[in-house]
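Here is a short report for a reader who is new to this structure. Please look at the sequence and the model, then read on.

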Amino acid sequence: DDRETHREINQLIVVTIGAIIAMIALVVSVYIFFKSSYSFDYRAVSTINIPDYSVQSETRQDILEVVEQEIKNPGDMYKYTEGAKEPWCADFVSWVYASAKHEFVNPTSGSWRIPGTHTLQEYFKKEGRWHAYDSELPQPGDVVIYRHGIFGEHTNIVVATDYDEILTVGGNENGKIMMHRITYSDTRYGIIGYGTAPEDEEDN
């Protein structure tokens, strides 16, 4: 009868609402987990000076000199992207290496500019200069790639190391070039790995 039909409809509505609430709770829980794990919320450093790098190799000095110039006199996004409007952390890294006369070669386009972290990682792997995240610290001038949020990635350049900490400089961080201090062994930073400056491989 009608009462039975209404009761069944009400039960269906209750079950549907319960399922929706459970799904929302699951999504929120997953988001909070990844947000806490890969929040990219590491310690910003206010100084515009990077530690002395005169003991580094000539290639690494070239890279770090350019980084230091850009910390002191940063450009906007378009300076590093050849005028493109896009997330520009990998553009910044590419621009620094190119300005230091150690250009990347984009595996897809052949350009010095590699605008994406996945392609940047592909480049370093092709060159035999990619190192997956492990206990070995990257060195000044190396390029680190991180997880950023649930699906994104981010990259910047190591400018100094101190025991288990690395000091990095990156572009497109709150729309600016920023310096950070990171505990390398802390997996919450989501470090995927790093690409080494070219002369390390040439000297071995």
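Which residue forms a salt bridge with R113, the closest N and O atoms being 3.0 Å apart? It is E82. This is a predicted model, and the report returns to that pair below.

## Overall layout

The chain has 204 residues, and 41% of them count as buried. Its secondary structure comes to six helices and seven strands. Read from the N terminus, the order of elements is α-β-α-α-α-α-β-β-β-β-β-β-α.

Take the contacts in the chain with a separation of 6 or more: residues 24 or more positions apart account for 57% of them.

## Salt bridges

The whole structure holds five salt bridges. One of them joins E82 and R113, with 3.0 Å between the closest N and O atoms. E82 sits in the loop between α3 and α4, and R113 sits in the loop between α4 and α5 (117-126), so the pair ties together parts that are 31 residues apart in sequence. E82 is exposed, at 52% relative accessibility. R113 is buried, with a relative accessible area of 15%.

R113 also meets D91 in a salt bridge, at 2.7 Å from N to O. D91 belongs to helix α4 and R113 to the loop between α4 and α5, so this pair ties together parts 22 residues apart in sequence. D91 is buried, at 0% relative accessibility. A network of salt bridges links E82, E86, D91 and R113.

A further salt bridge joins the side chains of D142 and R60, at 3.0 Å from N to O. D142 lies in the loop between β2 (130-132) and β3 (143-148), while R60 lies in helix α2, so the pair ties together parts that are 82 residues apart in sequence. D142 is buried, at 1% relative accessibility. R60 is buried too, with a relative accessible area of 3%.

## Helix α2 and E70

Helix α2 covers residues 58-72. At 1.5 Å a residue, its 15 residues should span 21 Å, and its end C-alpha atoms are 21 Å apart, which agrees. The buried residues of α2 are T59, R60, I63, L64, V66, V67, E68, E70 and I71.

E70 is found in this helix. Is E70 buried or exposed? At 4% relative accessibility, E70 counts as buried because the cut-off for buried is under 20%. Its side chain makes a polar contact of 2.6 Å with the side chain of Y80. Leaving aside neighbours within four places in sequence, E70 is in contact with G75, K79, Y80, F92, W95 and I177.

Helix α4 is mostly covered, with ten of its eleven residues buried. Those buried residues are C89, A90, D91, F92, V93, S94, W95, V96, Y97 and A98.

## Positive phi angles

Most residues other than glycine have a negative phi. Some residues here take a positive value. N172 is not a glycine, yet its phi is near 60°. This residue lies in strand β5 (residues 165-173). N172 is partly exposed, with a relative accessible area of 26%.

N174 has a positive phi of about 55°, although it is not a glycine. N174 lies in the loop between β5 and β6 (176-183). At 70% relative accessibility, N174 counts as exposed.

## A loop glycine

G175 is also in the loop between β5 and β6. At 53% relative accessibility, G175 counts as exposed. Where does the chain bring D76 relative to G175? The two are 99 residues apart in sequence and 8.3 Å apart in space, C-alpha to C-alpha.

Definitions and conventions. Residues numbered from 1 in each chain as written. Predicted model: local features only at pLDDT ≥ 70, side-chain atom pairs only at ≥ 80, totals over all residues. Heavy atoms only, no water. Helix = DSSP H or I, 4+ residues; strand = E, 2+ residues; numbered from the N terminus. Buried < 20%, exposed > 50% of the residue type's maximum accessible area, 1.4 Å probe, protein only. Contact = heavy atoms within 4.5 Å. Expected span 1.5 Å × (residues − 1). Polar contact = N/O pair within 3.5 Å; in protein donor to acceptor, adjacent residues only side chain to side chain. Salt bridge = Lys/Arg side-chain N within 4 Å of Asp/Glu carboxyl O.
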